[in-house]
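Please keep the sequence and the model in view while reading.

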Amino acid sequence: MTQFPLVRGIFFCDFHHIQGPRVTFETPEGLTSSSLAQDSLDFDSISDYLIPKSELCNRLVSITTQHYKILGYPVKIVNPKYPRNALLFNFCFCFDTDADTRSYDQVVKKIAVTLQALEMEREFISKDQKSQLLNILEQVMEDLNSYHESQIIVDDANTIDIKLFPLHPDPPQVHDYQVPVLTLDFKFAVDKHWDLTMRRTLPYINGVNTVKHIAAVSGVHISFVRLAVQHLLYYGCAQMVDVFQFSNIYNVTPKISEFLHSQDMQLDCQQFVTGIHADPVSTGILCSLYCSLKGGIKVSEWIHENPLWTAQIDVRKFILYGLVKGIISRVHRYPYLYQETSVPLDLLKYLDGKHHLDEICTIKSWTHKQTQKMLSHLPVRYIL
């Protein structure tokens, strides 16, 4: 389960036309006391950043003090009805100084924007409704620390709904020659409310089709297909592998040791790769088959060396399982010209040792056989 940093305190501050910056409400009590308490927050020393000049308003502001990291979103509403023609306020969260608060960014912003809308609609802050803010502070802190979400009913027409979402690393770039593989079953999850692009592309994500092919058969522009796949990668719902061909070369990785010592992985693999109407191959044989994928041999040659066992498994699924689990890795071939010759310019730029055969095939819409035949007439060598 994702661990979110605890909220150590919340306070609401504003600018009073006579008193200046001040803390109106806080939880727990004494959070911003001016006393010399060991864990108190000296509001006066940082008030210029929490109730700032116009340049810092309406944007996230983070400040780290000796005891706390404060995250706020100062709001300024300009209107001649207010003293000094403006209302400035900030709804601030306090965390431990070393906390990663990125998951709270949208929560803090949403609360601030909602309070701004309530003030502009019904003067929620500047009038007597302001007394509700203490209850909001306490409920937000309790709910986020306990349940990572909160629903606050302001009145019959307004609610504040907030929820913390885990942060994931940015997804890798999606290439047209790659094959997305779903790691979750979406068969009963998709409904009419889902994104249209996702609904149109999901049926063609089967572990066989490349991104370019998915775009062609789904009728979706390839840039939108890439974004849809990246969305799946971001949430861990898919992985990317290379297109399967019998001319491919694979090498076993150090993760084979994990496979050798995990009976669950072996049984899972056995169930996944067993061919239709075939007797299951023993887990020991599966381990041996993965270990034999080395030495730079092609899949077709590997099948020829192991005819008895490969006849009982689905070879494509066997390779796919190994790639998804990291047991094996693809060995790409990068062609380059080692002497000058007459080559079409649209092909020459890919023969620099930086573009592998899968990429060239996808860009040129050639099969591997066509590409190999084309390159066989050129002074080309390969980098593995």
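Helices (H or I, at least four residues) and strands (E, at least two) are DSSP runs, numbered from the N terminus. By this numbering, Asn 85 falls in the loop between strand 5 and strand 6. The model described here is predicted. It contains 15 helices and 14 strands. The radius of gyration is 30 Å, well over the 21 Å that the globule rule gives for 384 residues, so the protein is more spread out than a compact globule.

**Overall form and surface**

- The C-alpha trace spans about 85 × 55 × 45 Å along the principal axes of the protein.
- Of the 384 residues, 44% count as buried.
- The protein exposes about 21300 Å², and carbon and sulfur atoms supply 51% of that area.
- Among contacts between residues at least 6 apart in sequence, 62% join residues at least 24 apart.
- The protein carries 35 positive and 41 negative side chains. The centres of these two sets lie 10 Å apart.

**Salt bridges**

- Side chains of opposite charge can pair when their charged atoms come close.
- Arg 22, at 24% relative accessibility, counts as partly exposed.
- Lys 81 and Glu 123 also meet in a salt bridge, at 2.9 Å from N to O. This pair links distant parts of the chain, 42 residues apart. Lys 81 is in the loop between strand 5 (75-78) and strand 6 (86-95), whereas Glu 123 is in the loop between helix 2 (105-122) and helix 3 (132-147).
- Is Lys 81 buried or partly exposed? With a relative accessible area of 45%, Lys 81 is partly exposed.
- Arg 330 forms a salt bridge with Asp 358, and the closest N and O atoms are 2.8 Å apart. This pair, too, links distant parts of the chain: Arg 330 belongs to strand 12 (residues 328-331) and Asp 358 to helix 14, 28 residues apart. Both Arg 330 and Asp 358 are buried.

**Helix 14**

- Helix 14 covers residues 357-364 and is mostly covered, with seven of its eight residues buried.
- Which residues of helix 14 are buried? They are Leu 357, Asp 358, Glu 359, Ile 360, Cys 361, Thr 362 and Lys 364. Asp 358, listed here, is the partner of Arg 330 in the salt bridge described above.
- Ser 365 follows helix 14, and its phi is positive, near 60 degrees.

- Val 23 is part of strand 2 (residues 20-27). At 26% relative accessibility, Val 23 counts as partly exposed.
- Which residues does Val 23 touch, leaving aside those up to four places away in sequence? Val 23 touches Phe 11, Phe 12, Cys 13, Thr 32 and Phe 43.
- The C-alpha atoms of Val 23 and Ser 33 are separated by 9.6 Å, and the two residues are ten apart along the chain.
- Thr 27 and Pro 28 are joined by a cis peptide bond, with omega about 0 degrees. Pro 28 is located in the loop between strand 2 and helix 1 (43-50).

**Positive phi values in loops**

- Asn 85 has a phi near 65 degrees, a positive value in a residue other than glycine.
- Glu 123 has a positive phi of about 55 degrees, although it is not a glycine. The location of Glu 123 is the loop between helix 2 and helix 3. Glu 123 is partly exposed, with a relative accessible area of 24%, and this residue is also the salt-bridge partner of Lys 81.

Methods. Residues numbered from 1 in each chain as written. Predicted model: local features only at pLDDT ≥ 70, side-chain atom pairs only at ≥ 80, totals over all residues. Heavy atoms only, no water. Buried < 20%, exposed > 50% of the residue type's maximum accessible area, 1.4 Å probe, protein only. Salt bridge = Lys/Arg side-chain N within 4 Å of Asp/Glu carboxyl O. Rg over C-alpha atoms; globule rule 2.2 N^0.38 Å. Contact = heavy atoms within 4.5 Å. Areas by Shrake-Rupley, 256 points an atom, 1.4 Å probe, with all protein chains shown as cover. Lys, Arg positive; Asp, Glu negative; His and termini not counted. Charge placed at Lys NZ, Arg CZ, Asp CG, Glu CD.
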